[in-house]
Amino acid sequence: MDQGSLFEEENKPVECLGMTFESDNERREYFRNELRKKLPDLKDIEGFPIGEDEDIIELSDPPYYTACPNPWTIIKKSSLPRDYKRHPYVSDVSIGKNDPIYTAHSYHTKVPYKAIMKYILHYTDPGDIVLDAFSGTGMTGVASSMCGNKELVEELGIERGEVGIRNSILSDLSPVASFISYCYNSPVNVNKLKFYMEKIINESREKYDWLYQTGEKIKYEINYVIWSDVFLCPECNAELIFYESAVKGKKVEQNFICHRCNANLTKQKMNRAYESSLDMVTGEKVRLAKQVPVAINYIDGNQKILKDIEDNDIRLIQRIEEIPFESWIPIEKIPEGVNTKQPFSSHGFSYVHQFYTKRNLLILSDLSERINNLDEDIKKHAYLCLQSIIYSLTSKLVRYNLGNRGNGILNGTMYVPSLVAETNVYKVLSGKVKDIIKALMVSDRNTMVGISSATYSNLEENSIDYIFTDPPFGANINYSELNFIWEAWLGIKTNNKDEAIVNTIQNKELLDYKWLMEESFKNYYKILKQNHWITVEFSNSKASIWNAIQDAMQKAGFIIANVSALDKQQGSFKAVTTTTAVKQDLVISAYKPLETTVLKMKQANGDEISAWLFLDQHLLKLPGFDGNHGEANIISERTPRILFDRMVAYHVQSGMPVPISSAEFQEKVAQKYVMRDGMVFLESQVAEYDKKRILAKEFSQQSLFVSDESSAIEWLRQQLMKKPQSRQDIHPQFMKEIQYIAKHEELPELDNLLAENFLLYDSEDNVPDQIAAYLRKNYHDMRGLVNQDDKMKSKAKNRWYVPDPNKQADLEKLREKSLLREFNHYVEEVNGTKKKLKLFRSEAIRAGFKKAWSEKDYQKIVDVAEYLPEKIIQEDDKLLMFHTHALMRLDI
């Protein structure tokens, strides 16, 4: 009897979507037939992949997974009312990448599922539905399932979060990402999977094991073969094998000598050697970069040994070249792209099969065919094991790292190195089978997976409880290009028409990316329940992309309530080598407002009450206290300046008039609400804050990067909140902080910043409470308390401090006048010279745009924007908002 029969389960009735089937195979066959009927209509949906109908049906496991838009994402609505109250999750999250599910497959990007669990536990209850329409490899689904793991939930230590599985709906534009997502989020008999994977590896070895042998009398197993590019000396045209010329020990020398003419050379000075041949697969004549085998790493007992290539190894490779293919291999031409042009320009690769040595291609095709003959219940998970090595472990993209560390590829690229490590397919696959099995943790079917654009959804309005999403970020990663090799082996490829990206080959610029993101977030907004939350994970070093994401969210109607950090604890290749790269991902928390509140604001039609309606709702969504270990943190979203900016942004993005000026807002917010430590609270919230604040001894110092006038003011506010200080106290550190001010930014002198935004105590009477409290705490006369009041007054003189809200409003009026006066100078300057402004105060431009907007002078905004560097408009969220909407109002 075949040992595999030990793992075959009896046919048991299966419940699915209200129907009962005698077995899972019957369920699968029924829904595949249904999918076949639905395909003609599904082809009209955005993001439908490129592939044959039968390949799409064969890859699918409906209704749980379809390799196309999933028509079975059905939600049963609860008739019970629900009291849903959540504040944004404000704790910074730090989760490592060493978990088995993170390392099992080398897909370009993943958010650790344990990090996502923290957000899901905070924002949802068991049984809730979580959506991710940029789901990648499905970590949101894994996190939703693992919320049912009591031990893991307790380990994460979430303050609020009930143990219990959440349901999830996942979709992505990429077929390979959706395939991986399905495998991670569907149950499988891992013992059966392990048995059959070992079985097919052994059977394939019996046929092809001799391909990985080296040695004359004693045969040893090859770990990997090093292949080297061949270059031409520019002086004498001699062929130089890069490995022999440049590699010395465990280092590649930048400078080396030509063995024939002794010319001093570098890799950049030389041209590659090419050779023409007939491609065995396509029958075409090809001209490829010359690559030769130079060394072999093999196993002798427990020892790994590196030796130079020998004649018998060359003869083996020549023999392998004559073997015909018996199994299917992908014959797909690499599309033109930003990443895909590199292997073509450097090595002449234009087909998928050219990314492999003949040896590895033979074995991969053999293994692929054997997997295709496995039982349906393990076939896809078995193919996941093979997919995990096809790109990053067995192709010519794998570079030899000179033994310094493991061989591997450069993430986010299609770079063919000059030293390739041709790895032993059987060895790496055996290792990956173990890794994949450790990563397959989901035991219940609570996830629906499909392929479609995030701009599309068949879900009903107000039907989703929570959204966690990690969208693509501009030109960071060209997913459809980098996924092409994986997808060629799948037989289904990405339709990149709706790919949200900045890509010159696709003729997509920043505006195209922004439009696609706006459409995606409009879709998210429509299907999310009122008063519920969306979390957006962001990783990009460009401010213009950051602003595009925020702008798209706000245009859709979302209100941003918090931005915090997600530290993945490791940097990608680009993040490590680029000084401007974001080392920590940012996480945006936003919510969908109540429709009744939105309606009331629109009915106010510019009346002041609209501002307070917004604030009444927004303050309810903000955390009541932030701090621990005896420290309190300023909740920046509760400060009047940030609240005013959020209110203005919502009104502008929603097409409503801005109902109140900054100075009026500063004055009235202190009258209508309760103020604590410079923050705004509702009456119902302040008791909680007071109770926790009394236990905190001091405020912690927030990290702040000073890059413009606004952040410089905030930095000064932090210093003066901590303690009142004189100009002399502040000046030295201030000069250090402003050294990274943007080149275009005209920053006022420190004296002007202090005078416009803070108050100076310059007499010995009426010491402000804030200074008096500081002095009582910090000033002590060792000789007694004689004349302490006089000494306090002397200490207080000439110190700057943060004004109380009423006085802050007066300062705001003065500051606003000053900024508008400056803006008018710019208007006169551009009207007179017709030249671009090279140096200006961004705060003045913002104030001018806001004033022009309130006066409906949209043309002034457009005219001034024309004389600002376009990069500045794109990288400043407020300028971008006013300019975009002014263009819309003028229908430009």
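**Helix packing, pair by pair**

A: In this predicted model, helices H26 and H27 are oblique to each other. Two packed helices are described by the angle between their axes and the distance between the axes. For H26 (residues 727–737) and H27 (residues 750–757), the angle is about 120° and the axes are 11 Å apart. The crossing of H26 and H27 is right-handed. From H26, the residues that meet the partner helix are Arg727, Ile730, His731 and Phe734, and on the H27 side they are Leu750, Asp751, Leu753 and Leu754. Sorted by class, this contact holds five nonpolar residues, one polar residue and two charged residues.

A second pair is H12 (residues 358–372) and H14 (residues 425–439), whose axes come within 10 Å and cross at roughly 45°. H12 and H14 are therefore oblique to each other as well. H12 contributes Asn360, Ile363, Leu364 and Leu367 to the contact, while H14 contributes Val425, Tyr426 and Leu429. Six of the residues in the contact of H12 with H14 are nonpolar and one is polar, with no charged residue among them.

Helix H20 (residues 595–604) can be read by its sides. Its buried residues are Thr597, Val598, Met601 and Ala604. They cover an arc of only 120° around the axis, which puts them on the same side of H20. An α-helix has 3.6 residues a turn, so residues three or four places apart point the same way. The cover over the buried residues of H20 includes helix H21 (609–621) and helix H22 (640–653). On the other side of H20, Thr596 and Gln603 are exposed.

Gln603, which lies in helix H20, has a relative accessibility of 58% and therefore counts as exposed, since the cut-off for exposed is over 50%. Gln603 and Met656 are 53 residues apart in sequence, and their C-alpha atoms are 9.8 Å apart in space. Just after H20 comes Asn605, which takes a positive phi of about 50°.

Definitions and conventions. Residues are numbered from 1 along each chain as its sequence is written. This is a predicted model: local features need pLDDT of at least 70, side-chain atom pairs count only at pLDDT 80 or more; totals for chains, interfaces and linings use all residues. Side-chain values use heavy atoms; hydrogens and water are left out. Axes are lines fitted to C-alpha atoms, for helices over the stretch in contact, and angles run from 0 to 180 degrees between N-to-C directions. Helices (H or I, at least four residues) and strands (E, at least two) are DSSP runs, numbered from the N terminus. Angles under 35 degrees count as roughly parallel, over 145 as roughly antiparallel, 65 to 115 as roughly perpendicular and the rest as oblique. Contact means heavy atoms within 4.5 Å. Ala, Val, Leu, Ile, Met, Phe, Trp, Tyr, Cys and Pro count as nonpolar, Asp, Glu, Lys and Arg as charged, and the others, Gly among them, as polar. A crossing is left-handed if the near helix is turned anticlockwise from the far one by less than a right angle, and right-handed if clockwise. Buried means under 20% relative accessible area, exposed over 50%, partly exposed in between (1.4 Å probe, protein chains only). The arc is that of the directions from the helix axis to the C-beta atoms.
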